[in-house]
Amino acid sequence: MKNIIISPSILSADFVNLERDIKRVEKAGADWLHIDVMDGHFVPNITIGVPVVKSIKKVSSIPLDVHLMIENPQKYVEAFKNAGADIITFHYEAVEDVFAVINLIKSYGVKAGLSIKPQTPAENILEFLPDLDLVLIMTVEPGFGGQKFMHDCAQKIVEIKQNASDDLIIQVDGGINNITGHICTSLGANSLVAGNYIYGHNDIAQAIKSLK
Ligand code: DX5
Ligand code: ZN
């Protein structure tokens with residue numbers, strides 16, 4: 001069986017009981033913790049910032065997968081690294097010099113991820129693949145949890161996979177459940193982000209197992 005990295009999005013957790021909800025997914029077999037950082041500019045929503053990531057680091061025992069949906073991500077890479085990020089993913093659409101941001105992230109010894117929104121073709125990022133640890137294909141418009149999976153985006157997985165080395169982590173995010181997750185992994189994705197599906201399930205361990 002292929003090893004699929006499951007990264008529950010804490011955007012769907014109960015923020016009043018965040019530590020409890022982090023421990024719940026860890027105990028249930030989560031591999032990473034997906035943290036959605038939004039700035040109200042790159043996307044219409046505002047969510048989590050550096051101090052919260054720092055606090056999460058103190059109580060979590062699995063890698064922190066930080067998804068930056070912000071303008072000028074290069075300004076915040078050092079702060080998120082210091083807060084405890086293990087993977088930092090930024091958006092292709094948010095920067096001018098993609099190589100510079102990848103190199104900056106890697107210079108801190110953190111895994112570098114690049115994400116594309118639904119309207120961005122996969123071919124735009126092919127030149128960066130050899131330098132990346134992870135590609136995140138958004139299967140909803142970034143900004144909110146609980147949206148419907150966009151099937152058209154899933155085809156990008158195939159294009160990325162055909163052009164990447166076996167080491168590249170191909171992650172999908174948005175509307176992932178046991179059915180859409182299976183579509184993505186059969187096309188070649190090896191990491192699934194899920195918020196509502198995991199946190200909305202009455203048996204979290206079962207939800208994670210079904211994604212794997
Ligand atoms: C959306 C975020 C996602 C979101 C996923 O912009 O990047 O990580 O939390 O939530 P679900 O799985 O509920 O679509
Ligand atoms: Zn995300």
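**Stop one: the largest pocket**

Start with the largest pocket, which holds about 270 Å³ of space (a volume is the space filled by probe spheres set on grid points joined across faces, edges and corners). A pocket here is an open set of points on a 1 Å grid over the protein atoms alone, where a 1.4 Å probe fits, with protein on both sides within 12 Å along at least five of seven lines; lining residues have an atom within 4 Å of a point. Keep in mind that this is a predicted model: local features need pLDDT of at least 70, side-chain atom pairs count only at pLDDT 80 or more, and totals for chains, interfaces and linings use all residues. Residues are numbered from 1 along each chain as its sequence is written, chains are lettered from A and ligands numbered from 1 in the order written, and side-chain values use heavy atoms, without hydrogens and water.

Now select Gly145, Gly146, Asp173, Gly174 and Gly175: of the 26 lining residues, these lie nearest the pocket's centre.

**Stop two: ligand 1**

Next, show polar contacts (N or O pairs within 3.5 Å). An oxygen of ligand 1 is 2.8 Å from a side-chain N or O of Asp36, and an oxygen of the ligand is 2.8 Å from a polar backbone atom of Gly195.

Technical notes: Polar contact = N/O pair within 3.5 Å; in protein donor to acceptor, adjacent residues only side chain to side chain.
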